[in-house]
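Please look over the sequence and the model shown here. The report then walks through a few local features and how parts of the chain pack together.

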Amino acid sequence: MADKACRIRTRKFITNRLMQRKQFVIDVLHPGRPNVPKSEIIEKIAKMYDVKDPEGIIVFGFRTQFGGGKTTGFGLIYDSVVAAKKFEHKYRLARVNLFNHERKSRKQIKERKNRAKKLRGGKKAALTTKK
């Protein structure tokens with residue numbers, strides 16, 4: 001797929017010091033291609049902004065314009081991976097393999113909740129913090 005070029009433009013670029021990141025809207029121009037993979041977009045953004053660690057780049061929310069040729073999404077470049085893990089949503093971190101979900105069955109979760117309803121005080125706290 002890399003035989004046909006795509007062009008990336010960023011707009012509404014903001015440096016968010018409070019959350020230790022740069023945030024922006026990404027416009028991807030890809031005439032003759034149905035879409036562009038996120039990995040390729042991350043690679044090009046890392047090159048554009050001289051990012052040392054591309055794991056700190058998170059892109060999401062891409063929508064292709066009707067008729068194709070142009071896709072718009074949102075991008076975040078965190079100052080470090082530690083900052084990304086601190087501020088970013090868990091589901092987005094899971095998409096880029098920075099967070100591992102520990103899956104439990106619904107039945108287990110509901111049983112624990114109902115057992116906790118019957119307890120008070122320190123016993124309840126011990127049950128809810130225990131994993």
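## A positive phi after helix 1

Just after helix 1, Asp 50 takes a positive phi of about 50 degrees. The model is a predicted one. Most residues other than glycine have a negative phi. Asp 50 has its positive value although it is not a glycine. Its place is the loop between helix 1 and strand 3. Is Asp 50 buried or exposed? Its relative accessibility is 65%, so Asp 50 counts as exposed, the cut-off being over 50%.

Asn 97 is another non-glycine residue with a positive phi, here of about 60 degrees. Asn 97 lies in the loop between helix 3 (90-95) and helix 4. Its relative accessible area is 70%, and Asn 97 is exposed.

## Helix 1 and its cover

Which residues of helix 1 are buried? They are Glu 40, Ile 41, Ile 42, Ile 45 and Ala 46. The cover over these buried residues includes strand 1, strand 2, strand 3 and strand 4 (70-78).

Glu 40, a charged residue, sits in helix 1. Its relative accessible area is 17%; because buried means under 20%, Glu 40 counts as buried. Leaving out residues up to four places away in sequence, Glu 40 touches Cys 6 and Arg 33. With Arg 33 the contact includes a salt bridge between the side chains, at 3.1 Å from N to O. Both Glu 40 and Arg 33 are buried.

## Nonpolar cores

The largest nonpolar core has 15 residues. Those with the most contacts inside this core are Ile 26, Val 28, Ile 41, Ile 45, Ile 57 and Val 59. Strand 2, helix 1 (38-48) and strand 3 (57-64) each supply at least two of the core residues. Which element gives the largest share? Helix 1 does, with 4 residues.

Not counting residues up to four places away in sequence, Val 59 touches Ile 26, Lys 38, Ile 41, Ile 42, Ile 45, Phe 74 and Gly 75.

Ala 84 belongs to helix 2 (residues 81-87). Its relative accessibility is 0%, and Ala 84 counts as buried. Beyond its neighbours within four places in sequence, Ala 84 is in contact with Tyr 78 and Leu 93.

How many residues separate Ala 84 and Glu 55 in sequence? The separation is 29 residues, and their C-alpha atoms are 8.9 Å apart in space.

## Salt bridges

How many salt bridges does a search of the whole structure find? The search finds 4. One of them joins the side chains of Arg 11 and Asp 27, at 2.7 Å from N to O. This pair links distant parts of the chain. Arg 11 is in strand 1 (residues 7-16), Asp 27 is in strand 2 (residues 21-29), and 16 residues separate them. Arg 11 has 36% relative accessibility and counts as partly exposed. Asp 27, at 9% relative accessible area, is buried.

Glu 88 forms a salt bridge with Arg 92. The closest N and O atoms of this pair are 2.4 Å apart. Glu 88 has 5% relative accessibility and counts as buried. Arg 92 has 12% relative accessibility and also counts as buried.

## Helix 4 against helix 5

Two packed helices are described by the angle between their axes and the distance between the axes. The axes of helix 4 (residues 106-117) and helix 5 (residues 122-129) come within 9 Å. They cross at roughly 170 degrees. Why are helix 4 and helix 5 described as roughly antiparallel? The crossing angle is over 145 degrees, so the two helices count as roughly antiparallel to each other.

Which residues meet across this contact? Arg 112, Arg 115 and Ala 116 in helix 4 meet Lys 124, Leu 127 and Thr 128 in helix 5. By type, the contact residues divide into 2 nonpolar, 1 polar and 3 charged.

Terms used
Residues numbered from 1 in each chain as written. Predicted model: local features only at pLDDT ≥ 70, side-chain atom pairs only at ≥ 80, totals over all residues. Heavy atoms only, no water. Buried < 20%, exposed > 50% of the residue type's maximum accessible area, 1.4 Å probe, protein only. Core = buried A, V, L, I, M, F, W, Y, C linked by side-chain atoms within 4.5 Å. Contact = heavy atoms within 4.5 Å. Axes fitted to C-alpha atoms, helices over the stretch in contact; angles between N-to-C directions. Parallel < 35°, antiparallel > 145°, perpendicular 65-115°, else oblique.
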